[in-house]
Amino acid sequence: MCGIVGYVGKRRAAPILIDGLYELEYRGYDSVGIAVSDGNTTKIIKKTGRVKEIESAREETGYIGIGHTRWATHGDVTVENAHPHTYKNITLVHNGIIENAAKLRAELMQRGEKFYSDTDSEVIAHLIADESCGDLLSAVMRGCGKLVGSYALAVLTEEEPETIVCARMRSPLIVGKAKEGLVVASDIPAVAEEGAELYSLDDGEFSRLDGKTVTIYNAQGSEIHKEPIQFDLAEGRAEKGVYRHYMRKEIDEIPNVLSDSTLKIDCDSRFSDFYRVLCHAEYIQIVACGTAYHSGLCAKAAIERLCRVPVDVRIASEYRYADPIVPKGTLLFAISQSGETADTLAAVRLAKRKGACVAAIVNVKYSSLTRLADHVLYTQAGREVAVAATKSFNAQLAVLYSVAVVLAEIRGKRAPTLNGLDKKAKRTIGISESVRSWVPYFVGAQSVYFIGREADMCTALEGSLKLKEISYLPSEGYAAGELKHGTLALIGPYTPVVAIITRRDIAQKTMNAVHEAYSRGAKIFLVTCFEEFCEEKEITAFVLIPKCPSEFSPILSVIPLQLLAYYTSVARGNDPDKPRNLAKSVTVE
Ligand code: M6R
């Protein structure tokens, strides 16, 4: 993970770097640093904590610089391990993981080189410095040739005071021209401005920013030309407005996101090419991580019920090491908000090698996944800033359910409509505010359980992930019928159990699990669209959501769980937008 940024030009670099780092904080926020050079000396300012810790460095002079916001991989969260790292004449920032760092470090130490941090990144500075020959680009190319792993790099040397050299291997990197200067960054919002011309580097490519010109090279060192990214400034901007946290604002955006993300076959160009692929789909695999994996599980439930097409959903980080069977004609959906999740990208590369046709369901335009996939179906969630995914989950479901409806039609089956879900989502948000009264039961709980069957089980998994990642409460999402096979042993007096019930024909079965938990003293909270269950004596509190086709119900039933996680996190004094140890975009294995 980590975010990197760089600037060389006529403006003072420090404020540009710091503003850029604020935009990249979603990529990691345990320490931060910048290096700014005035042409003679390079000054490094770094601190543990968030970008605000280096606010005073705004005043630094110098027209060239690089910056970094860190999510620790190698080495503790200390000032020494914060970037930039420097060795001899080389200063750099790095995003990624160098897998052969320990071996390289040992070799370099044997040659007498000293290290000041525990990071893999410092090893890169040594390798490049050792290759120095008066041409920074050649030194970076040769240094990178020794690396195994992933990296996005921005490198400075005092010997070329107007040059930043950049390199990309499996970690995203944008380079380009901005107002009165040249820029590099992990992501577009860090450097986007009116009139900027930005290019996305691909794996193995390098770039030299040398005062006035951006030159891009392929892995063999030949100059190449690329088309600039068509970015939309408004789309990249995110403001909290009247909200205290992005997460709460993003939940309120769900209704609009649903209407924008629902695909309609008769008038949607996004389907045109892909339609032919769907016509031949006999077997589907889905790879994804975290929340996106849960949307894959929801899609499986809907597609198998509505279309009778078998769907396997796999955690991307497992898929890549499982030597997966990919039968001829497999259609593989890769689901990702960021489009940069390293495990998902690796799973896609593997599936492609094995002959799958890959369709990406992705939110971030120009992300690596969009370039790898054969087909791209964009979710229209807009920028999601909070680390905990909310509106992007609902958007993924809108796209996946649209696919399910079309696939059902292709196969001559009747499918329910997605119309009106946006309005129902709006009502659900209003109704779900009542979960604030649930918070006292959760805020000090030792553990929390979410249960449901079939699609409701997928919602339970997502509700549990949301709660644990931002409230830090131990929690499990469970198939309601599985409770009695072991987990019931953990349920005792006052244990909060949240049951999700949205499918009529199996509602009573989940209620059986509710009775079993209640008999052991659990406090039962219910999310349902069936009024009759709300009045049962076991229920401490409930949210009665609007009725919708049960295949699509997670799109609504997850909303009270997102709000419950949010309000519990706030009550526990946490920052729900930036939970500890996590980052929005997981670009390392
Ligand atoms: O960007 P992606 O959708 O590929 O990210 C996958 C997971 O890292 C992500 O969903 C993560 O689980 C969220 N923090 C959950 O809220």
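This is a predicted model: local features need pLDDT of at least 70, side-chain atom pairs count only at pLDDT 80 or more; totals for chains, interfaces and linings use all residues.
**View 1. The shell around the ligand comprises 15 residues.** Among these, Ser336, Gln337, Ser338, Thr341 and Glu469 come nearest to the ligand. Sorted by class, the shell holds seven nonpolar residues, six polar residues and two charged residues.

**View 2. Oxygen atoms of the ligand face N or O atoms of Thr291, Ala389 and Lys466.** For Thr291, a backbone N or O atom lies 3.1 Å from an oxygen atom of the ligand. For Ala389, the atom concerned is likewise a backbone N or O, at 2.8 Å from a ligand oxygen atom. Lys466, by contrast, takes part through its side chain, in which an N or O atom is 2.8 Å from an oxygen atom of the ligand. On its own, the ligand has 410 Å² of accessible area, of which the protein covers 90%.

**View 3. A cis peptide bond joins His83 and Pro84.** The omega angle of this bond is about 0°. Pro84 is located in the loop between β4 (64-70) and β5 (85-87). As a general point of reference, most peptide bonds are trans.

**View 4. Glu180 has a positive phi.** The phi angle of Glu180 is about 50°, although this residue is not a glycine. Most residues other than glycine have a negative phi. Glu180 belongs to the loop between β9 (174-178) and β10 (181-185).

Note on methods:
Residues are numbered from 1 along each chain as its sequence is written. Side-chain values use heavy atoms; hydrogens and water are left out. A residue is near a molecule or strand if one of its heavy atoms lies within 4 Å of it. A polar contact is a pair of N or O atoms within 3.5 Å; within protein, one must be able to donate a hydrogen and the other to accept it, and residues adjacent in sequence count only if both atoms are side-chain atoms. Accessible areas come from the Shrake-Rupley method with a 1.4 Å probe; for residues, only the protein chains shown count as cover. Ala, Val, Leu, Ile, Met, Phe, Trp, Tyr, Cys and Pro count as nonpolar, Asp, Glu, Lys and Arg as charged, and the others, Gly among them, as polar. Helices (H or I, at least four residues) and strands (E, at least two) are DSSP runs, numbered from the N terminus.
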